[in-house]
Amino acid sequence: MGPLAVERVDVMSTLGRVLAEPVVSPSTIPPWPNSSMDGYAVRAHDTGRAPVELAVVGRIIAGSMPSRPLHAGEAMRIFTGAPLPEGADAVVPQEDVAADNGRITIAASVSSGAYVRPAGEDVRAGDVVVQPGGSIGAAEVGLLATLGYSQVRVFRRPRVGILSTGNELADLGTEPGPGQIPNTNTYSLMAQVIEAGAEPINLGVAPDQLDAITERIRWGFDAADVLVTSAGVSVGELDLVRDALERCGAELHLWKVSMRPGKPITFGTRGGRPVFGLPGNPVSAMVTFELFVRPALRRMAGAQSLHRPRISARALATIENPGSRRGYLRVTLTPDAKGFGARLTGDQGSAILRSMVLADGLAVVAPDTTIAEGQAVDVIVLRSLEPRSR
Ligand code: AMP
Ligand code: MG
């Protein structure tokens, strides 16, 4: 499934979205050579026999143009960002001159180009300044505004229907009844959808009943480009999501992946729209979203790069992955002189959501493998490594 349609949006609404066309600069920035200091515009050649005295023949402030060219033996007072007069090719900072009664004395010669920002040092007309397929960040927004783009063409954000299933779920705002637990997955998954640059649609909670699940899935396929369900996809008799998907006409392409957390997961399509049936445990749902759903959403959002960065870190303590499944273990990452050290966040149970709160990344460990302290381990980096509350 390729990128979705293209739409024009206001530049301030493009943050985190993916550009659909190259941005070609219509202009040269800066349009004229200008001063990078408060001082005096001069002809460098005039200062060759320093010390030299020059007559101050004008004053150029930022936001105005010089009134006339600069001739030999002359200087003009100039301020940061103001255009150089024709004939001038250098600026002497004001701290380097002695000014007296309309004349300045320059003690040392200056070279051509000193303290001058040449025209086009940032962007030249016709330059491709942002390539399509890249995510738009604050710097891109600034550059687009500089070039006069109030709107740009970006890919439409995928709409992602999120359905939680389970008799035991009490939704946010309702008191859990006897034997009930709070609904976590709807919210963590909607947040992951937003983080991936897509738009969540909350399809609510369906009880473990085939009709109820089928009905919500139908709504989902009507309203969304992608469907993500959680729970009810394992082998129990109340695991009805796969049946419901097939009843809605979805073709299921896989079931179960040899990974931990995770394993019971299904993937299907219906009329070209993907559907992911994720496991119910909150950590399993989040990790399988990361590995399977997020790259698909990035693709549909038009992004060239689909995957999180992976780094090689050193284990700060033993990291064990017993059993026959590939492990995606929650680790903290600590920068040090040699790169990053990785340490398990603690117990790795797939219902321990705190392990995701604590995690900077997922250590990818082969089945039945122990990584000893000091050994290298591959880590998928889940977030920027800024200090944060946890
Ligand atoms: P299941 O795959 O339906 O057997 O669910 C696996 C585990 O995940 C069970 O302990 C469920 O109670 C739990 N679970 C399922 N859905 C959610 C949810 N939306 N929020 C929190 N826990 C859930
Ligand atoms: Mg269940």
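This is a predicted model: local features need pLDDT of at least 70, side-chain atom pairs count only at pLDDT 80 or more; totals for chains, interfaces and linings use all residues.
Local features need pLDDT of at least 70 and side-chain atom pairs count only at pLDDT 80 or more, while totals for chains, interfaces and linings use all residues. Residues are numbered from 1 along each chain as its sequence is written, chains are lettered from A and ligands numbered from 1 in the order in which they are written, and side-chain values use heavy atoms, with hydrogens and water left out.

**Entry 1, the count.** I looked up salt bridges (a side-chain nitrogen of Lys or Arg within 4 Å of a carboxyl oxygen of Asp or Glu). The structure has 10. I followed up some of them.

Glu 7 sits in strand β1 (residues 6-10) and Arg 17 in the loop between β1 and β2 (23-24), so the bridge ties together parts 10 residues apart in sequence. Strands here are DSSP runs (E, at least two residues), numbered from the N terminus. I then checked accessibility: buried means under 20% relative accessible area, exposed over 50%, partly exposed in between (1.4 Å probe, protein chains only). Arg 17 is buried at 7%. Glu 7 is partly exposed at 28%.

Glu 21 is in the loop between β1 and β2, Arg 153 in strand β12 (residues 151-155), and the two are 132 residues apart. Glu 21 is partly exposed at 27%. Arg 153 is partly exposed at 34%.

I noted a salt bridge of 2.4 Å, N to O. Asp 336 belongs to strand β24 (residues 326-336) and Arg 314 to strand β22 (residues 310-315), 22 residues apart.

Key: Helices (H or I, at least four residues) and strands (E, at least two) are DSSP runs, numbered from the N terminus.
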